[in-house]
Amino acid sequence: MKTINKLFLGLGLLSSFTACSDFEDINTDPTKTPIESTLPEYFLNNAIGKIQMDPSTGERVYYLNWGDAARTFGEAGMLSVGLYDDSYMTNFYYPCLASTITYVTTAINEAAKRAETEPFYKNVEQFSRIWRAMVIAQFADSFGPYPLNAAQGENPTFNSVEETYFFILSELQAAAKAIDTSINPTEDQAKCDPAYGFVASKWVKLANSLRMRYAMRLTNTNRANDAQKHFEEACKDGNYIKDQADMLWFKSDNGWNDYTSPYTRTWNLQALSVTMANLMNNFGDIKVETQRPDLKAYTKANNYMGIRYDKHFVGNTDDPAKQYWLDGIPEYLDPRALKMFWIVNDNDAENAIPSDRKGTSINPEGSELLLDDEGKQTIKVKGSYTWNGVPTGSSTSWSPTLSKNRLITTGSGIRSCYPLWGKEYCTGGEEGLGRVVFFGAWESYFLVAEAALRNWSTDMGDKAAYEAGVRASFDYFGISEYATDYLASERYNRVGTSVSYDHTAEPSSFATTYKDGYNNNAEKSGTYNYPDASKILYKGHKLNDKLTKIITQKYLAQMPYLVQEAWSDHRRLGLPFFDMTANEATVMTGSDMTEWKNNSWQSGQSWKYYPQRMRYPQSLLTSDEAAYNHAVELLGGKDNTMTPLWWSMGANQ
């Protein structure tokens, strides 16, 4: 049997049951095979657990690939710049997906055998179909074409992304209709479902919400009308995830099992990115001192840019705040920012990171060095109580400018000078922000808002859904008291977007002040220019229209667990605004992003400057070259990180 077949059939399937079973207890009928003697819910339980990803897999997928591409972190040095490591896929992620698909497909097949005599298993069959649909989408959104007959006892044959997506939508539709919500599980059965305890009504809501998610993915394609019908049917009765009680999220810990949070590895920097720093700066009418009065002394007015270091920060990017170091915290900051990020040296913060959680002691002074041309120490920059982001491209290739900047080219510099994702994400948790989210209530509302804006038939209007999404996000972060004032704000963030849904005026340049970092911090004046809307990736070419608001809020709400969704929205729409890679290199060493040049920012953004997918693992090529070649043929381009998927804007221009 070929390796690809073995991979999807899942050798040793019965060797790793966890959570709700003991293998010796379940293997009780000598007249049946081990699979037939195993309760179907045990297979589903293992499928749910496996796709959580142990930390070895999680950091390689969430942090170095999805999260890097989604600009969740200050450059992790991988997918955001078109780089790829095959060992991450061959040895970690692909086997994880294969095991999950095998477990869940077995759950479907075994539950179907019992369904006629035991009604509970008719539901288990549907729950498993829903879970499989979600995992198949995860595969397809990462790599592209997928073998729909995987784990069916035959050599898998790859299907196009289009075929895969409509299989997913049909499965979700059929499964939701087939669920009997009057059937309740026993106490022991409920233990096998760490998501919903096999409460049937919650699984129906999940199926409808996922169907809305995947239908919306297809707005660029020639099947958009078919996708619209799927969305409208899933949405029409309002029976989708709307509050925390129905969210798909899981308790996590700080160990080494499948339920360990993907962000718990101490060596991963996980710093604030320039993209997120700009999106949250001056976003909403909530002052930092309102949230934290003790931080008032560190806040800076919006028209103050900070200290200019144009000899140490790269200028060939469309980041509108490039080459400035803000020596403080913005006076106005999206109130989720201080829940997400720990400001260096802010030891009174609830999310303060213990010094041992990042592999090295964080410099209590928060200081690093900028060097002169001879590599001598010249300027010490303090990072304590500051809000700055690490630019994408900083660690990609050698840069004469960045070679003199130890703030963003050394781990100690980043740890000591840039905000880091806070304690809950580093340690995991049973409640709140430490729980890993697969589908949040806010996402449903933002999906409905976009659908209504597109004039699709929905159960609520676009503005109402948009504001409900923001409130759901604020509820999740425990800051609901700020939602009303926040939603009324007409302040522009650093990329020209405001919060108020009805405020769609485009931003204008304004006068600023800054300090000259090479002239005793002499005060100077300047002009702040927002990104040139005619050169941005988004086809609407606006910085503050309603779709930009919806996707910007959705992006922030999804952070940091739903990073694949955030990346997918950017591939689909070019939203929110992602600043272009900042590096002076002629080419980025080893990158698939060959269209990017160090002067590309001058002519404007293109989908060719942002990662589009992950490569198939080389193990697929070596195990079955014909199957691999068929997958690449269906992909419609080279097997690299820059070939756009069927539904993306790059494939539909």
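The second largest cavity

Reply: The lining of the second largest cavity is made up of 10 nonpolar, two polar and four charged residues (Ala, Val, Leu, Ile, Met, Phe, Trp, Tyr, Cys and Pro are nonpolar, Asp, Glu, Lys and Arg charged, the others, Gly among them, polar). The model is predicted, so that local features need pLDDT of at least 70 and side-chain atom pairs pLDDT 80 or more, whereas totals for chains, interfaces and linings use all residues. Residues are numbered from 1 along each chain, and side-chain values use heavy atoms, without hydrogens and water.

This cavity (grid points, 1 Å apart, where a 1.4 Å probe fits but cannot get out; lining atoms lie within 4 Å of a point) has a volume, the space filled by probe spheres on its joined points, of about 180 Å³. Its lining has 16 residues, and those closest to the centre are Gln138, Arg213, Phe438, Leu562 and Gln564. Two or more lining residues come from each of helix 5 (55-69), helix 7, helix 10 (200-216), strand 10 (436-439) and helix 21 (563-573), helices being DSSP runs of at least four residues and strands of at least two. Helix 7 contributes the most, four residues.

Helix 7 (residues 119-142) also meets helix 4 (residues 40-50), and their axes, lines fitted to C-alpha atoms over the stretch in contact, come within 10 Å and cross at roughly 20 degrees. In this contact (heavy atoms within 4.5 Å), helix 7 uses Phe120, Tyr121, Val124, Phe127, Ser128 and Trp131, while helix 4 uses Pro40, Glu41, Leu44, Ala47 and Ile48. Nine of these contact residues are nonpolar, one is polar and one is charged.

Key. Axes are lines fitted to C-alpha atoms, for helices over the stretch in contact, and angles run from 0 to 180 degrees between N-to-C directions. On a 1 Å grid over the protein atoms alone, a cavity is a set of points where a 1.4 Å probe fits but cannot get out, and a pocket is an open set with protein on both sides within 12 Å along at least five of seven lines; lining residues have an atom within 4 Å of a point.
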